[in-house]
Amino acid sequence: NYLFNLVFERWEARQTVKGRSLVRRIAHGIGFEGGLALILLPVMAYWLDVSLWAAFLADLGLLAFFFVYTVAFTWAFDRIFGLPLSAQG
């Protein structure tokens with residue numbers, strides 16, 4: 001999580017449009033959950049002795065839940081503590 005957010009905020013700091021729109025928040029959520037899935041799906045498939053496709057299907061519910069959670073959590077965190085410097089104009 002720390003490494004992903006570090007890379008995301010460096011990318012975000014280089015953008016001409018500042019702030020965190022819904023589209024940027026969704027992109028952040030997709031990037032985080034997608035990266036996590038790429039790392040963990042092979043582990044899950046190996047551990048359960050199933051194909052990658054079966055592991056993906058088994059993980060879909062968790063991926064959907066944590067995608068929504070990630071977007072909602074980062075929105076709430078930014079509302080409480082303010083936007084990071086990378087998103088400020």
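Let me start with what I mean by a pocket: on a 1 Å grid over the protein atoms alone, it is an open set of points where a 1.4 Å probe fits, with protein on both sides within 12 Å along at least five of seven lines, and its lining residues have an atom within 4 Å of a point. Grid points are joined across faces, edges and corners, and the volume is the space filled by probe spheres set on the points.

Thanks for coming, everyone. This is a predicted model, where local features need pLDDT of at least 70, side-chain atom pairs count only at pLDDT 80 or more, and totals for chains, interfaces and linings use all residues. Residues are numbered from 1 along each chain as its sequence is written, and side-chain values use heavy atoms, with hydrogens and water left out.

Let's begin with the second largest pocket, which holds about 180 Å³ of space. Its lining is made of E33, L36, A37, L40, M44, D59, L62, L63 and F66. Helices here are DSSP runs (H or I, at least four residues), numbered from the N terminus. Helix α2 gives the largest share of this lining, 5 residues, and both α2 and α3 supply at least two. By type, the lining has 7 nonpolar residues, no polar ones and 2 charged; Asp, Glu, Lys and Arg count as charged, Ala, Val, Leu, Ile, Met, Phe, Trp, Tyr, Cys and Pro as nonpolar, and the others, Gly among them, as polar.

Now the largest pocket, with about 370 Å³ of space. Of its 18 lining residues, N1, N5, H28, F73 and T74 lie nearest the centre. Three helices, α1 (2-13), α2 (22-48) and α3 (52-81), each supply at least two lining residues, and α3 has the largest share with 7. This lining divides into 7 nonpolar, 5 polar and 6 charged residues.

On to the charges. How many salt bridges does the structure hold? There are 5, counting a side-chain nitrogen of Lys or Arg within 4 Å of a carboxyl oxygen of Asp or Glu. R20 meets E9 at 3.7 Å, N to O. R20 is buried at 18% relative accessible area, while E9 is partly exposed at 30% (buried is under 20%, exposed over 50%, partly exposed in between, with a 1.4 Å probe and protein chains only).

R20 also bridges to E12, at 2.8 Å, and both of those residues are buried. Then R25 pairs with D78, with the closest N and O atoms 3.0 Å apart. Here R25 sits in α2 and D78 in α3, 53 residues apart, and both are buried. Finally, a network of salt bridges links E9, E12, R20, R24, R25 and D78.
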